[in-house]
Amino acid sequence: MIKPKRLLSLLLRFIAFGTTLAAVILMATSHEKGTFFAVSYEAKYTDTPAFKYFVIANAIVTVYGFLVLFLPPGSPIWRLVLALDLVFIMLLISSISAAMAIAQVGKNGNPRAAWLPVCGQVAKFCNQVTGALVAGFIALITYIILLLYSIYNFLNPLFEKA
Amino acid sequence: MGLQNEEKLELGCSSSQPRSKKWVLLTVRVLAFLATATATLVMALNKETKTLVVAMVGSTPIKVTLTAKFQHTPAFVFFVIANGMASFHNLMMIMVELFGQKLDYKGLRLAMIAILDMTTVALISGGASAATFMAEVGKNGNSHARWNKICDKFETFCDRGGVAIIASSAGLILMLIITAMSIFKLLNKPKSVSS
């Protein structure tokens with residue numbers, strides 16, 4: 001019978017793995033063809049290095065999440081998992097931040113720099129990118145909860161009073 | 001006699017080791033504070049005004065004055081705020097280290113320092129990455145979205161922005177080292193004997 005603590009941790013890790021996978025798939029399959037005054041173009045995620053970085057970062061975290069799901073409970077590698085969780089949280093934060101900065105310009109434009117918003121022409125692309133960012137956000141929050149939970153479990157023995 | 005001297009030497013070594021570690025941590029914190037403060041100031045004072053000739057009417061040129069400020073881009077605003085908060089955090093930690101050795105909250109002092117350091121690392125990394133990618137679009141433009149590059153016209157603005165981003169990245173690496181040291185301190189803290 002699995003202990004409830006282990007079940008909760010496993011469930012959280014599965015959610016984190018699922019959401020990073022969803023973020024990768026949503027962002028990678030987002031492309032749309034459109035016409036802008038008889039000029040046809042295609043919007044893909046490879047147009048911006050920020051979206052490419054988002055896909056790569058979330059792919060790395062997906063692979064890591066998949067591998068950690070199969071780690072047996074008692075092994076000493078869990079300390080390394082704690083450190084790697086922190087590193088991958090940082091990676092996720094930086095990828096979401098970068099993708100969101102570019103997506104914000106794509107949605108609202110930047111009139112001072114004469115950058116027009118593109119979401120008007122490629123609404124489906126924009127919606128899918130938004131979905132990928134939301135999935136990335138949920139993954140980030142799940143990983144933060146996991147990190148805090150791991151630290152709490154790790155520190156609890158230190159606070160036990162005799 | 002010989003054994004007694006050895007014992008005294010060993011005790012002397014162990015008592016001086018945490019002190020040198022404390023000074024190492026303090027020095028790295030000061031460096032990180034300087035890096036993030038530099039990034040904040042350089043980006044916050046980043047402004048360039050340029051007069052461009054737009055068209056010629058007869059023989060008089062029509063000039064347009066354009067200003068590039070950091071407030072125009074939300075990514076840079078986030079960058080300034082994140083680095084400002086990081087410098088404030090480092091300053092507070094330095095003050096607590098120097099003057100507030102007795103400050104504690106139910107024995108959670110080291111844990112709180114470690115967690116706050118982690119959140120600051122997260123904050124700086126978010127700010128630096130957003131600013132980096134916005135600067136990349138500004139430098140290279142984006143042909144697919146028809147966004148023209150602006151760095152060929154506003155060179156000083158771009159240069160200063162680049163310096164701020166590099167300073168923030170250096171601050172990020174230093175903060176990572178500090179976080180590792182704080183977590184190390186937390187996990188190795190001597191277990192206090194409960195009364």
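Analyst: Start with residues 132–155 of chain A: the span is 100% helix and 0% strand, and its end C-alpha atoms lie 35 Å apart. Here helices (H or I, at least four residues) and strands (E, at least two) are DSSP runs, numbered from the N terminus. This is a predicted model, where local features need pLDDT of at least 70, side-chain atom pairs count only at pLDDT 80 or more, and totals for chains, interfaces and linings use all residues. Residues are numbered from 1 along each chain as written, chains are lettered from A and ligands numbered from 1 in written order, and side-chain values use heavy atoms, without hydrogens or water.

An unreviewed UniProt entry lists residues 132–155 of chain A as "transmembrane region", along with 50–70 and 82–103. Such annotations may be inferred rather than shown by experiment. Residues 82–103 of chain A are also 100% helix and 0% strand. The end C-alpha atoms of that span are 31 Å apart.

Now turn to chain B. Chain B has four helices and two strands. Along the sequence, the pattern is α-β-β-α-α-α.

In chain B, β2 (60–69), α3 (109–140) and α4 (155–187) each supply at least two lining residues. The largest share, eight residues, comes from α4(B). By class, the lining has 15 nonpolar, ten polar and eight charged residues. Gly counts as polar here.
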